Amino acid sequence: VQLQASGGGLVQAGGSLRLSCAASGRTFSIYAITWFRQAPGKEREFVAAVTWGGGRTYYADSVKGRFTISRDNAKNTVDLQMNTLKPEDTAVYYCAAGGAASRSPSPYDYWGHGTLVTVSS
């Protein structure tokens, strides 16, 4: 599976962005897809995950209620709708595919290159 993240950009605090993770490969639907982010000088951290069937979603406490993850297996995409953005959301956002949803980046087999989100105050 090859992943490509897109949709990042510059937005003012309180604004919204929608990130998309597009995948190639016929087996996309069997993977859990997770968004991570990494701010300068910080470790990569879990943001949100969706199971292979889309039936279960998971969120970091810091984004719960503001971000929504969704997937469309017919289109091989997973989106991350980000609302009420804060300056502390500024980071490079990565999508990853793995056999199960995990909050740790270690188990993931496939990674996209990342897309930069900058939230100005």
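### Labels and the values behind them

Q: Why is threonine 84 called partly exposed?
A: In this predicted model, threonine 84 has a relative accessible area of 45%; because buried means under 20% and exposed means over 50%, the value falls in between and threonine 84 is called partly exposed. Threonine 84 is found in the loop between strand 8 and strand 9, and its phi is positive, at about 50 degrees, although the residue is not a glycine.

Q: Why is glutamine 81 called buried?
A: The relative accessible area of glutamine 81 is 19%, and because the limit for buried is under 20%, glutamine 81 is placed in that class. Glutamine 81 belongs to strand 8, which spans residues 77–82. Leaving out residues up to four places away in sequence, it touches Ser16, Leu17, Arg18, Arg66, Phe67 and Thr68.

Q: What makes the link between the side chains of glutamine 81 and arginine 18 a polar contact?
A: The two side chains are joined at 2.9 Å, and a polar contact requires a pair of N or O atoms within 3.5 Å, one able to donate a hydrogen and the other to accept it; the pair is therefore counted as a polar contact. The side chain of glutamine 81 also makes a polar contact of 2.9 Å with the side chain of asparagine 83.

Q: How do you know that the side chains of serine 20 and aspartate 79 make a polar contact?
A: The value for this pair is 3.0 Å, and the cut-off is within 3.5 Å, so the pair qualifies. Serine 20 is in strand 3, residues 17–24, and, leaving aside neighbours within four places in sequence, its contacts include Trp35, Thr77 and Asp79.

Q: What makes the pair of cysteine 21 and cysteine 95 a disulfide?
A: The S to S distance is 2.2 Å, and since a disulfide is a pair of cysteine sulfur atoms within 2.5 Å, the pair therefore meets the criterion. The structure holds 1 disulfide, and the link of cysteine 21 and cysteine 95 is right-handed, with 75 degrees about the S-S bond. Cysteine 21 lies in strand 3 and cysteine 95 in strand 9 (residues 91–98), so the pair ties together parts that are 74 residues apart in sequence. Both cysteine 21 and cysteine 95 are buried.

Q: What makes strand 3 and strand 8 partners?
A: Strand 3 and strand 8 have 6 bridges, again antiparallel, and the requirement is at least two, so they count as paired. One of the bridges sets leucine 17 against methionine 82 in strand 8.

Q: Why do strand 1 and strand 7 stand at the edges of their sheet?
A: The open sheet is formed by 4 strands in the order 1-3-8-7, with antiparallel pairing. Strand 1 and strand 7 (67–72) each have a single partner strand, so one side of each is left without a neighbour in the sheet. Neighbouring strands of this sheet are turned by 15 degrees against each other on average, direction ignored.

Q: Why is valine 50 called buried?
A: Valine 50 has a relative accessible area of 1%, and because buried means under 20%, the label applies. Valine 50 is in strand 5 (residues 45–50), and its contacts, not counting residues up to four places away in sequence, include Ala32, Ile69 and Val78.

Definitions and conventions
Residues are numbered from 1 along each chain as its sequence is written. This is a predicted model: local features need pLDDT of at least 70, side-chain atom pairs count only at pLDDT 80 or more; totals for chains, interfaces and linings use all residues. Side-chain values use heavy atoms; hydrogens and water are left out. Helices (H or I, at least four residues) and strands (E, at least two) are DSSP runs, numbered from the N terminus. Contact means heavy atoms within 4.5 Å. Buried means under 20% relative accessible area, exposed over 50%, partly exposed in between (1.4 Å probe, protein chains only). Axes are lines fitted to C-alpha atoms, for helices over the stretch in contact, and angles run from 0 to 180 degrees between N-to-C directions.
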